[in-house]
Amino acid sequence: MTVGDRIRKRRLELKLTQEELALKVGYTSRSAIARIESGSNQLRQEMIITFANALNVTPEYILGWDSSPYTDDTVSDVLKELSQEYNLTQDETNYIYISSQKLLANQELNKQSIRKAFKQQMNDDIEKELFESGDFQKDDDIIECLSFSELYKFQLFYKLNKNTEEGKKRIALAINEILETGSSNLLFTDSNNNSRLVNIPIKNLKEVVHINIYRNASCGAGTFVDNEVIETITLPKDLFKGSTGTLFGQYAEGDSMVGVGINDGDLIIFEETNLIENGQIGCFCIDHNIATCKKFSIDSKNNIFLLSANDNYPPIPITIENDCFRVVGRYVTRIPKEM
């Protein structure tokens, strides 16, 4: 028996016409119901729970996973609660519930099991989309800013936009807007090119800090050249707990620090200082070259080396032959490049 057959069988059991069922599920005419029942049109995933509710059956029955047509009110009640709790649309709730069926297999359907599977599926989606891909790290500023429900919305937004140039621009703008203002209207566009805005507010956003981004540092003078400021960004001050000095940023070039998660194009944030401890990552000037990001190392004989986090690059020894060596800043964090 097909999905269409089950819908037709249950509709007739309830003595509903195709027109009446169409009205219950939000369709404007009976023809859409007729096409689904005949199999010429497939039932869209986001409409499964809507049809199940209208026909007073379980989604599993609609899909053919369960021979019993009777719904458990617990399922419907819990899904409504979760939808409100996590500020999800009906489509998003439908998707998570259907996706979590494997987690619910061979379990008694009760409030506790449904809630556990629902949240686990949300967490699995976040892990797969944001972290397993390597596009984000869990200590990234944007990730730490968002609550669990906000993070789920963000991963949906990222998934829908990451594969187009226009979408990538939306992602970069949204990240910057969230970090600067504590809120962003995320534009969602589905497969039918329908668009909607979802606002993500960040709770309890406190003081902000303005950070100059430099093209390079003037090593001869050991200070920053004003005309080398290429932009200024604003971020929540809470992201830099423990940093009391002036912050500045530079864009990473190359792959010499990939071993510590700093990739080409990432924005590296430093705290201005001329003091650094053995093993710390910092920004250094050597002779009259532009500032470089490396790991500071002193061996047992008090020899100083600047180390890369990539075995393809040899250590840089600091000797008396160097005209100038200066510590410019201590590494604080990184912001991933635009995806």
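Colleague: How many aromatic pairs does the structure hold?
Modeller: This is a predicted model, and the structure holds 10 aromatic pairs.

Colleague: Where in the chain do Y214 and F248 sit?
Modeller: Y214 belongs to strand β3 (residues 208-214) and F248 to strand β5 (residues 247-251), so that the pair links distant parts of the chain, 34 residues apart. Both Y214 and F248 are buried.

Colleague: And F248 with F270, why does that pair count as stacked?
Modeller: The ring centres of F248 and F270 are 5.3 Å apart and their planes lie at 25°, and since planes under 30 degrees apart count as stacked, the pair is stacked. F270 is in strand β6 (residues 267-272) and F248 in strand β5, so this pair ties together parts that are 22 residues apart in sequence.

Colleague: Buried or exposed, what about F270?
Modeller: F270 is buried, at a relative accessible area of 1%, and F248 is buried as well, at 0%.

Colleague: Which residues form the aromatic cluster with Y158?
Modeller: Y158 forms one aromatic cluster with F136, F154 and F157.

Colleague: Changing topic, what does E129 touch, leaving out residues up to four places away in sequence?
Modeller: On that count, E129 touches Q155, Y158, K159 and K162. E129 lies in helix α9 (residues 111-131) and is buried, with a relative accessible area of 9%.

Colleague: Last one: which ring does the charged end of K119 sit over?
Modeller: The charged end of K119 is placed over the ring of F148, at 5.1 Å from the ring's centre.

Definitions and conventions. Residues are numbered from 1 along each chain as its sequence is written. This is a predicted model: local features need pLDDT of at least 70, side-chain atom pairs count only at pLDDT 80 or more; totals for chains, interfaces and linings use all residues. Side-chain values use heavy atoms; hydrogens and water are left out. Helices (H or I, at least four residues) and strands (E, at least two) are DSSP runs, numbered from the N terminus. Buried means under 20% relative accessible area, exposed over 50%, partly exposed in between (1.4 Å probe, protein chains only). Contact means heavy atoms within 4.5 Å. Rings of Phe, Tyr and Trp (its six-membered ring) pair if their centres lie within 6.5 Å; planes under 30 degrees apart count as stacked, over 60 as edge-to-face and the rest as tilted. A charge sits over a ring if NZ of Lys or CZ of Arg is within 6 Å of the ring centre and within 35 degrees of the ring normal.
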